[in-house]
Amino acid sequence: MDEKAMVNDILSNVKADLGAYQKAITESSNAQLRQTFQQIRNSDECFQYELYKVAENKGYYIPAAKATVTEIETVKNEVQG
């Protein structure tokens, strides 16, 4: 497996883990457990962002084009609407 595939695989797995942590956080009634999940999630979010920056710098990931002002306003209006 080449480096690009490994980076993309890790990013995909971390994304799935973040979703699982979010679900666990919302379903935890124990404050200490909830806080632990939040700390793990926060740490994983930082790791994911650092790995994303590596992937982007190496050309492994090309982000979508930035939204135009019109597109942003359209979504904003729909959400507020």
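This is a predicted model: local features need pLDDT of at least 70, side-chain atom pairs count only at pLDDT 80 or more; totals for chains, interfaces and linings use all residues.

Reader: Why is Arg41 called buried?

Author: Arg41 has a relative accessibility of 17%. Buried means under 20% relative accessible area, so Arg41 at 17% counts as buried.

Reader: Where does Arg41 lie, and which residues is Arg41 in contact with, leaving aside its neighbours within four places in sequence?

Author: Arg41 belongs to helix α2, which spans residues 31-57. With those neighbours left aside, Arg41 contacts Leu18, Tyr21, Gln22 and Ile25.

Reader: What makes the pairing of the Arg41 and Asn42 side chains a polar contact?

Author: The two side chains make this contact at 3.0 Å. A polar contact requires a pair of N or O atoms within 3.5 Å, and residues adjacent in sequence count only if both atoms are side-chain atoms. The contact of Arg41 with Asn42 is made between side chains, at 3.0 Å, and is therefore counted.

Reader: Why is Met6 called partly exposed?

Author: Met6, in helix α1 (residues 3-27), has a relative accessible area of 39%.

Reader: Which residues form the largest nonpolar core?

Author: This core has 6 residues, namely Val7, Leu11, Leu51, Tyr52, Ala55 and Tyr60. Two or more residues come from each of α1 and α2, and α2 gives the most, with 3 residues.

Notes:
Residues are numbered from 1 along each chain as its sequence is written. Side-chain values use heavy atoms; hydrogens and water are left out. Buried means under 20% relative accessible area, exposed over 50%, partly exposed in between (1.4 Å probe, protein chains only). A polar contact is a pair of N or O atoms within 3.5 Å; within protein, one must be able to donate a hydrogen and the other to accept it, and residues adjacent in sequence count only if both atoms are side-chain atoms. Contact means heavy atoms within 4.5 Å. A nonpolar core is a set of buried Ala, Val, Leu, Ile, Met, Phe, Trp, Tyr and Cys residues joined through side-chain atoms within 4.5 Å.
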